[in-house]
Amino acid sequence: MSKSACFVTQQATEEILSRVTNVCAECYTELQPGDIIHYDMQNYRYLCERCQEELCEKMNDECEIIAEESEGLFG
Ligand SMILES: [Zn+2]
């Protein structure tokens, strides 16, 4: 699916967790080394799997979020 291009999927490492973030940017779940995480290239943040899936469902093919929450993001 083209939507996977909106995210970079990777495994959380100690380095990412200590240098970037150790929580999901959306639900603030604590991330552990080895967890699958998704870098959101539109918003420059890391998401857990669950939030990435939810976000994917709200996105159109241009990785734009079409649900109510992010009105104004692109305006
Ligand atoms: Zn999350």
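Author: A disulfide joins cysteine 6 to cysteine 63, with 1.9 Å from S to S. This is a predicted model, where local features need pLDDT of at least 70, side-chain atom pairs count only at pLDDT 80 or more, and totals for chains, interfaces and linings use all residues. Residues are numbered from 1 along each chain as its sequence is written, and side-chain values use heavy atoms, with hydrogens and water left out.

Reader: Why is the link of cysteine 6 and cysteine 63 called a disulfide?

Author: A disulfide is a pair of cysteine sulfur atoms within 2.5 Å. Here the S to S value is 1.9 Å. The pair therefore meets the rule. By this rule the count comes to one disulfide. Cysteine 6 lies in the segment before strand 1 (7-11), and cysteine 63 in the segment after helix 2 (49-58), 57 residues apart. Helices (H or I, at least four residues) and strands (E, at least two) are DSSP runs, numbered from the N terminus.

Reader: Is cysteine 6 buried or exposed, and how do you know?

Author: Buried means under 20% relative accessible area, exposed over 50%, partly exposed in between (1.4 Å probe, protein chains only). Cysteine 6 has 1%, so cysteine 6 is buried. Cysteine 63 has 10%, so cysteine 63 is buried too.

Reader: Which residues coordinate the zinc ion?

Author: They are Cys24, Cys27, Cys48 and Cys51, each through SG, at 2.2 to 2.3 Å. Donors are N, O and S atoms within 2.8 Å of the metal (3.2 Å for Na, K and Ca). Water is not among the atoms, so sites may look incomplete. The SG atoms at 2.2 to 2.3 Å therefore count as donors. In sequence, the donor residues are spaced C-x2-C-x20-C-x2-C. Cysteine 27 sits in the loop between helix 1 (14-19) and strand 2 (36-40), while cysteine 51 is in helix 2, 24 residues apart.

Reader: What makes the arrangement around the zinc ion tetrahedral?

Author: Four donors count as tetrahedral if all angles lie between 85 and 135 degrees. The four donor atoms here subtend angles of 106 to 117°, so the arrangement is tetrahedral.

Reader: How many helices and strands are in the chain?

Author: The chain has two helices and three strands. From the N terminus on, the elements run β-α-β-β-α.

Definitions and conventions
Four donors count as tetrahedral if all angles lie between 85 and 135 degrees; four count as square planar and six as octahedral if opposite donors are over 155 degrees apart and all others between 65 and 115; anything else is irregular.
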